[in-house]
Amino acid sequence: MATAERILTDEMLEEIRAFFPRYPTRQAVTLPALHVVNEHLRYVPQQAVVEIAELLDLVPSQVQDTLSFYGFFKQDTPHGRTRVWVCRSISCHLRDGDDLLDYLCQQAGVQPGETTEDGKLTIEAAECLGACEHGPCMLAGKKLHTCLTREKLDAFLQTLE
Amino acid sequence: MAEYEPVLLASIGKEDSHRLRVYEATGGYQTLRKMLCESTPNNVTDLVKASGLRGRGGAGFPTGLKWTFLPPNHPGPIYFCLNADESEPATFNNRILMEQDPHQVIEGLILSCFATGAETAYFYIRYEYPLGYDRVQAAVDECYAAGYLGKNIFGTDFSLDLYLHRGAAAYICGEETGLIESLEGKRAWPRIKPPFPAVEGAFRKPTVVNNVETVACVRHICDRGPDWFRTMGVLPDPDNPRDPGSFGPKLYCLSGHVERPGCYEAPLGLTVDELIERFGGGVWKGRRAKAAIPGGISMGLLRHDEFDCPLDFAGPGKYGCLGLGTAAVVVMDETVSMIDFLHNSCQFFAHESCGQCTPCREGTSWALAIIKRIQAGKGRLKDLELLLEIGDGIGIIPGTTICGLSDGAAWPIKNAIRKFRDEFEQYIRETNPGGYARISPAIALQEAEHPS
Ligand SMILES: Cc1cc2nc3c(=O)[nH]c(=O)nc-3n(C[C@H](O)[C@H](O)[C@H](O)COP(=O)(O)O)c2cc1C
Ligand code: SF4
Ligand code: FES
């Protein structure tokens with residue numbers, strides 16, 4: 001196989017190897033490794049899958065099989081610099097959250113799952129975020145936005161970098 | 001009822017409640033010290049058994065009994081998986097414990113590992129809890145530094161390593177064998193049981209899976225004793241030899257159309273009405289309630305005239321629901337359309353089915369397609385029979401699937417249509433007046449010819 005340019009940096013390799021002692025098998029490091037790559041690159045390209053497999057003594061299809069099960073990891077292009085998860089489950093939906101996802105998509109000009117052209121924002125439809133007492137809500141990166149309204153979404157869009 | 005003093009939520013809302021020094025200041029880790037130095041694993045298991053504690057993750061299985069399914073005198077390793085995947089819609093009590101009192105959870109977890117002989121524990125936490133993850137990781141670091149985790153805890157020969165493991169946004173990772181597969185680095189396809197995890201679980205070794213709130217209860221049972229635990233809750237039903245009763249405190253999540261949504265603690269057996277009125281400040285905007293979910297969306301629906309339903313392990317079942325589930329109550333006011341509710345529920349399960357079993361994968365997708373058709377004004381009365389046929393056909397209870405996700409998908413369908421049939425029929429008649437006339441409940445899958 002022609003060697004493509006390596007994608008996993010030394011830093012990523014080191015972060016992934018740090019997980020080895022935690023598990024009795026290498027395969028168990030698959031999810032942690034996917035998270036490491038995803039945090040650095042905002043996606044997990046196929047070449048990274050090949051390199052993770054090599055590192056974990058697996059064949060690439062094993063890693064790819066796991067990756068593809070979790071819709072969480074994008075493979076073709078990186079997600080935006082901010083990735084938001086807008087809850088569409090029952091408690092948020094009942095508290096007038098039903099149109100917030102549509103509204104945000106409309107304002108940003110993308111569909112759920114897509115990234116804006118300027119690469120600032122990816123919008124995802126989420127199932128219950130476990131913050132139902134504050135619904136409707138969304139998670140933007142690590143920050144939880146609670147009791148959302150259209151006005152709050154407008155303000156949020158202004159903060160994007 | 002006398003004023004109840006919260007136990008699990010005792011520290012919530014206090015300053016720095018997530019830090020070790022605050023936890024230690026109220027006696028934290030003293031119970032652990034006492035048990036490890038003065039007691040035995042069997043004794044801890046006996047305490048938990050005697051308390052009658054039942055799992056808080058949804059199935060209500062007796063915790064002590066589950067632990068005794070581990071093979072005796074096993075050479076090890078034995079693994080403990082703490083289930084912090086909490087993804088059942090409307091459920092958030094684990095999040096509150098992890099964010100605000102992670103040491104309570106960890107102390108309970110260490111005690112549970114001591115009892116079961118596990119020397120490695122995995123804390124499987126869903127990806128969508130970044131604050132919970134950071135707080136638990138910080139607490140774990142504090143524990144290693146203080147000698148509560150690691151080699152030879154308190155100089156005893158008990159050692160324990162605790163690792164956090166992050167999920168990746170999939171509901172099925174909460175099912176215990178799905179969790180184990182996910183932990184092993186595979187797609188989270190639930191396993192056919194038996195073997196049960198206690199015999200062959202993570203990495204093919206004996207494994208215990210318990211919920212966050214369950215191990216928090218273990219901490220207090222070890223501290224205050226099983227008799228204290230049994231002063232709260234509901235006694236076994238004398239007419240049902242298989243009912244072990246519902247003891248102890250419970251964290252009730254309340255959301256939807258109430259004035260004060262939140263997580264509230266009360267003894268098991270609180271009724272839906274009491275939860276809404278005493279804790280939730282009543283239905284919001286002065287409206288009337290129409291329905292409620294009793295314990296996460298998988299459990300089905302209660303009509304407003306069923307709000308005297310007690311929220312213990314046996315209660316919701318007597319009202320035609322699947323069970324207590326996570327005791328997460330969602331209130332819906334009189335303006336809510338049950339068609340809309342069912343669409344939301346079907347959308348969730350169609351999205352989250354792992355796809356392994358045909359009845360679940362196809363059933364959830366078809367149910368969504370049918371309810372969408374109804375919602376769009378193209379429904380026919382026989383669609384209700386079709387939906388019920390799916391609802392009655394998928395799940396562990398009819399015996400057609402591997403895991404309980406599909407029972408959870410089925411119950412909202414069955415309850416919504418059977419308890420609110422008039423509303424569905426009326427909606428179909430009004431929105432599709434030409435198409436409703438023919439009902440063919442007998443052969444539901446056979447296309448009835450369209451009336452001219
Ligand atoms: C589809 C599905 C999802 C589940 N999700 C969770 C969950 O997020 N957290 C949890 O503790 N249990 C969940 N469970 C229940 C677990 O399979 C298991 O019974 C539980 O973790 C055992 O812990 P406990 O005995 O302490 O309740 C789920 C079950 C099913 C069928
Ligand atoms: S019942 Fe559904 S979720 Fe459970 S294993 Fe089968 S397909 Fe997967
Ligand atoms: S339903 Fe939206 S956070 Fe739970």
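Is B:Arg429 buried, partly exposed or exposed? In this predicted model, B:Arg429 is partly exposed, with a relative accessible area of 35%; here buried means under 20% relative accessible area, exposed over 50%, and partly exposed in between (1.4 Å probe, protein chains only). Because the model is predicted, local features need pLDDT of at least 70 and side-chain atom pairs count only at pLDDT 80 or more, while totals for chains, interfaces and linings use all residues. Residues are numbered from 1 along each chain as its sequence is written, chains are lettered from A and ligands numbered from 1 in the order in which they are written, and side-chain values use heavy atoms, with hydrogens and water left out.

B:Arg429 has a partner to look for in the picture: B:Glu425, with which it forms a salt bridge, the closest N and O atoms being 3.6 Å apart. A salt bridge is a side-chain nitrogen of Lys or Arg within 4 Å of a carboxyl oxygen of Asp or Glu. Both residues sit in helix H17 (residues 421–431) of chain B, four residues apart, about one turn of the helix; helices (H or I, at least four residues) and strands (E, at least two) are DSSP runs, numbered from the N terminus. B:Glu425 is buried, with a relative accessible area of 18%.

Over all chains, the whole structure holds 38 salt bridges. One of them joins the side chains of B:Glu181 and B:Arg191, at 2.6 Å from N to O. B:Glu181 belongs to helix H8 (residues 176–183) of chain B and B:Arg191 to the loop between H8 and strand S4 (207–211), so the pair ties together parts that are ten residues apart in sequence. Both B:Glu181 and B:Arg191 are buried. Another salt bridge, of 3.9 Å from N to O, links B:Arg19 with B:Asp16. Here B:Arg19 is partly exposed at 35% relative accessibility, and B:Asp16 is partly exposed at 26%.

B:Asn94 lies in helix H5 (residues 93–100) of chain B and is buried, at 2% relative accessibility.

A:Glu15 is partly exposed, with a relative accessible area of 30%.
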